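Thank you all for coming. I would like to walk you through one structure this morning, so please have the sequence and the model open as I speak.

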Amino acid sequence: MKQLFLILLLYSTGVMSQNSAINTGINTKNPGSRLTVNGSFAGDYKIVSDDVTLDDSDFYIAFNGIGRGTILLPKAISGPGNFKGRIYGIKNISAQGELFVFSEAPSLEKIDATGDVDYIVVPPGYYAELISKGTTTGTTWELSMLAPTKLSSKMIRLLNVAIGVPKNSSYQSLFTIGPPSSLDVVIPGSRGSFFLTDGNPKALFLNFTVGLALVDSGTQVFPPGSVISYYRCELFVNDMPTGIFQVVQENSKGLQFNLSGKYNFVPTGWWPTIHAKISTWNSFGSANNHVLGVLSILLSVDSITRT
């Protein structure tokens, strides 16, 4: 009886109202939608540090566990009833543990993310939002958002190499490319190593510029300019090609490479190495021996760190 009196009181004072369109309003007399709230809205807020299965009492969940965590979405196939449109907000606020979000019945119910998947991974600092599709088999949940929540970041310089001959001086670090070996040759001075603070995959931003002189020496089979030669230079990290390369044509004096790009790196140790390799071939399909000298090298490795 007291509950009925309270509802009647709310309607009589205009705090709660309903119009002919069966729209319900809170703190408004003319609601324009099925539910109109003229004021703030609050849902349940929960911090968990262990694995948890969500139910109808949950709304926003923050995971702050140590290591890997798991959150299970309620299964629709044998659940308490239809929860079409139910929304869960999930944030991973842990320092480094990945958070896995499954359906409680992963073999029968999927999540609509990038295609139908058994689970999604919420990295540290990311927020995921999921909504029930109202189905009981197949794809029962839809991922509506997966986004980082940290708004600022900074670029960290991991390696910086600068080499150059003095003004009006000659080249240095002579090296030969071409037959008898068809393998790429490491450019002298281009090798360096940098320290990683953790072993997690990360995006590296690589920049490399080198100036080389073509040297007329007795060790050459063909002098520069006798055939049209092309040179290919590529960056390698831990002796693995990065796919960041450039091809240039020689001129009578020398050549220059400018390489830059993003490389997704999976660390295998604390001190990765980077270097540049160069190879040559000519327009007739056979490589020639060329001697080159280093004039200048600029090499940098950067990584983005969230703050």
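This is a predicted model: local features need pLDDT of at least 70, side-chain atom pairs count only at pLDDT 80 or more; totals for chains, interfaces and linings use all residues.

Residues are numbered from 1 along each chain as its sequence is written, and side-chain values use heavy atoms, with hydrogens and water left out.

Let me begin with the sheet. Strands here are DSSP runs of E with at least two residues, and helices are runs of H or I with at least four, numbered from the N terminus; two strands pair if DSSP finds at least two bridges between them. On that basis there is an open sheet of 4 strands in the order S5-S7-S9-S12, with mixed pairing. S5 and strand S12 (119–122) stand at the edges with a single partner strand each, so one side of each has no neighbour in the sheet. Going across, S5 pairs with strand S7 (residues 69–73) in the parallel sense over 2 bridges, and Val-52 has Ile-71 in S7 as its bridge partner. S7 and S9 are also parallel, over 5 bridges, with Leu-72 standing opposite Phe-102 in S9. S9 and S12, on the other hand, run antiparallel and are joined by 4 bridges, Leu-99 having Val-122 in S12 as its bridge partner.

How many residues of strand S9 (residues 99–103) are buried? The term buried means under 20% relative accessible area, exposed means over 50%, and partly exposed is in between, with a 1.4 Å probe and protein chains only. The count is 5 of the 5, so S9 is largely enclosed by the rest of the structure. In a regular strand the side chains alternate between the two faces of the sheet. In S9 both faces are covered, with Leu-99, Val-101 and Ser-103 buried on one side and Phe-100 and Phe-102 buried on the other.

Now to the aromatic rings. Rings of Phe, Tyr and Trp (for Trp, its six-membered ring) pair if their centres lie within 6.5 Å, and planes under 30 degrees apart count as stacked, over 60 as edge-to-face and the rest as tilted. The count by this rule is 10 aromatic pairs. One of them is Phe-41 with Phe-59, an edge-to-face pair at 6.1 Å centre to centre and 80 degrees between the planes. This pair links distant parts of the chain, 18 residues apart, since Phe-41 is in the loop between strand S3 (35–37) and strand S4 (45–48) and Phe-59 in the loop between strand S5 (52–53) and strand S6 (60–63). Phe-41 counts as exposed at 65% relative accessibility, whereas Phe-59 is partly exposed at 33%.

Is the pair of Phe-195 and Trp-270 stacked or edge-to-face? The ring centres are 6.2 Å apart and the planes are at 25 degrees, so the pair is stacked. Here the two residues are 75 apart in the chain, Phe-195 in the loop between strand S18 (192–193) and strand S19 (202–215) and Trp-270 in the loop between strand S22 (254–265) and strand S23 (273–282). Elsewhere, Tyr-45, Tyr-60 and Tyr-127 form one aromatic cluster.

Next, the charged side chains. A salt bridge is a side-chain nitrogen of Lys or Arg within 4 Å of a carboxyl oxygen of Asp or Glu, and the count is 5 salt bridges. Among them is Asp-58 with Lys-46, whose closest N and O atoms are 2.5 Å apart. Asp-58 lies in the loop between S5 and S6 and Lys-46 in strand S4, 12 residues apart; Asp-58 is buried at 7% relative accessibility, while Lys-46 is partly exposed at 28%.

Glu-234 forms a salt bridge with Arg-232, at 2.8 Å between the closest N and O atoms. The charged end of Arg-232 also sits over the ring of Phe-245, 4.0 Å from its centre, where the rule asks for CZ of Arg or NZ of Lys within 6 Å of the ring centre and within 35 degrees of the ring normal.

Finally, the surface. Ile-26, Leu-35 and Val-37 make a nonpolar patch of about 240 Å². Patches are made of residues with over 30% relative accessible area and no salt bridge, like charges being joined within 9 Å and nonpolar side chains (Val, Leu, Ile, Met, Phe, Trp, Tyr) within 5 Å. Leu-35, in strand S3, is exposed, with a relative accessible area of 55%.

Definitions and conventions: Accessible areas come from the Shrake-Rupley method with a 1.4 Å probe; for residues, only the protein chains shown count as cover.
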